[in-house]
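Good morning, everyone. Please look at the screen while I walk you through one chain.

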Amino acid sequence: MGTLGRAIYTVGKWIRGTGQAMDRLGSTIQGGLRAEEQVSRHRTVMSIFDKEPRINKDVFVAPSASVIGDVEIGHGSSIWYGSVLRGDVNSIRIGSGSNIQDNSLVHVAKTSISGKVLPTIIGSNVTVGHSAVLHACTIEDEAFVGMGATLLDGVVVEKHSMVGAGSLVKQNTRIPSGEVWVGNPAKFLRKLTEEEITFIAQSAANYINLAQVHATENSKSFDEIELEKKLRKKFAHKDEEYDSMLGIVREIPPQLILPDNILPDKAPKTAAVAR
């Protein structure tokens with residue numbers, strides 16, 4: 001930062017400080033009648049020390065999620081509401097097309113008991129279910145971690161394998177490719193079927209599409225949101241049979257047309273697998 005930049009920064013700091021002081025004075029004068037508004041300091045993407053997240057431009061990171069420090073996320077992946085990825089004492093790497101669903105936690109370990117450096121590595125087209133905890137582990141491509149599962153330090157989940165919902169995978173456990181593990185502690189249950197392997201790939205593809213819808217919705221301005229509310233209210237009472245009797249054709253505004261990938265009747269037919 002040059003001399004001019006430092007001067008501008010200093011002046012800006014003085015102005016902000018003056019405004020804050022005036023706000024506090026005004027609140028004091030108002031006494032018990034004052035209404036204080038707390039400003040959220042939440043930062044969706046945050047550097048720590050000299051570690052800065054590297055996120056592909058087409059990644060969807062939900063506004064209430066937190067991506068902190070040495071985190072790298074590949075194209076088409078998505079980080080959903082309430083999730084925390086904290087790469088402070090080590091690194092987190094996520095490939096392309098993977099999804100970390102709502103309220104999940106991904107953290108790392110500086111070292112393990114044996115002295116090994118343990119980052120968290122998540123491959124491509126991986127699905128991590130809601131409220132999962134991943135700590136200093138490795139999940140290979142096209143694997144599936146169920147809702148509420150916990151994976152501890154040194155765990156390796158190989159390609160095309162599945163951890164059942166609510167399972168606890170102990171330290172340094174390796175789950176071989178093509179297997180389903182469940183329980184506390186998690187143990188081998190059975191082999192995955194071809195239908196389930198197809199489901200894992202389809203689950204990742206579904207979340208790529210759904211993330212695009214959420215990214216579009218989150219980018220809308222206040223005016224666009226209010227317009228859509230009015231249009232939905234107007235078309236909520238549409239009676240196609242009555243309109244046809246009168247010869248009326250009502251075209252649905254483009255703002256109300258849902259993308260094909262989130263319509264129930266357009267969803268691909270896949271195996272039902274409990275998460």
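How many bridges join S6 to strand S9, and in which sense do the two run? There are 3 bridges, and S6 and S9 (residues 120–122) run parallel. Ile 94 stands opposite Ile 122 in S9.

Some ground rules. This is a predicted model, where local features need pLDDT of at least 70, side-chain atom pairs count only at pLDDT 80 or more, and totals for chains, interfaces and linings use all residues. Residues are numbered from 1 along each chain as its sequence is written, and side-chain values use heavy atoms, with hydrogens and water left out.

Now the terms. Helices (H or I, at least four residues) and strands (E, at least two) are DSSP runs, numbered from the N terminus. Two strands pair if DSSP finds at least two bridges between them. Strands of a sheet pair through backbone hydrogen bonds, either parallel or antiparallel.

The overview comes next. The chain has 4 helices and 20 strands. Of its 275 residues, 35% are buried. Buried means under 20% relative accessible area, exposed means over 50%, and partly exposed is in between (1.4 Å probe, protein chains only).

Back to S6, residues 84–94. S4 joins S6 through 7 bridges, and these two run parallel. Ser 66 has Val 84 in S6 as its bridge partner. S6 also pairs with strand S8 (residues 105–107), in the parallel sense, over 2 bridges. There, Leu 85 stands opposite Val 106.

Keep Leu 85 in mind. Which residues have the most contacts inside the largest nonpolar core? They are Leu 85, Leu 134, Ile 139 and Leu 151, in a core of 36 residues. S3, S4, S6 and helix H2 each supply at least two residues of this core. A nonpolar core is a set of buried Ala, Val, Leu, Ile, Met, Phe, Trp, Tyr and Cys residues joined through side-chain atoms within 4.5 Å. In soluble globular proteins, nonpolar side chains tend to be buried together.

Leu 85 touches residues including Ile 68, Ile 79, Ile 100 and Val 106, not counting residues up to four places away in sequence. Contact here means heavy atoms within 4.5 Å. A second, separate core has 7 residues, among them Val 180, Ile 197, Phe 199 and Ile 200.

On to an open sheet. It has 8 strands with mixed pairing, in the order S3-S5-S7-S10-S13-S16-S19-S20.

S3 and S5 (residues 78–79) run parallel, joined by 2 bridges. Phe 60 stands opposite Ser 78. Now the other end. S16 and S19 (residues 179–183) run parallel, again with 2 bridges. Met 162 stands opposite Val 180. S19 and S20 pair in the antiparallel sense over 5 bridges. They form a hairpin with 2 residues between them. Glu 179 stands opposite Lys 191.

Two loop residues next. Is Ser 161 buried or exposed? It counts as buried, because its relative accessibility is 0%. Ser 161 sits in the loop between strands S15 (156–157) and S16 (162–163). A polar atom of its side chain lies 2.3 Å from the backbone oxygen of Glu 158. Leaving aside neighbours within four places in sequence, Ser 161 is in contact with residues including Phe 144, Glu 179 and Ile 200.

Lys 51 is partly exposed, at 24% relative accessible area. Its place is in the loop between S1 (45–46) and S2 (54–55). The Lys 51 side chain reaches the backbone oxygen of Asp 88 at 2.4 Å. Lys 51 and Gly 69 are 18 residues apart in sequence, yet 4.8 Å apart in space, C-alpha to C-alpha.

Last stop, H2. It runs over residues 194–218. At 1.5 Å a residue, its 25 residues should span 36 Å, and its end C-alpha atoms are 36 Å apart, so the two agree. The expected span is 1.5 Å times one less than the number of residues. The buried residues of H2 include Ile 197, Phe 199 and Ile 200. Those three also belong to the second core.

Conventions
Polar contact = N/O pair within 3.5 Å; in protein donor to acceptor, adjacent residues only side chain to side chain.
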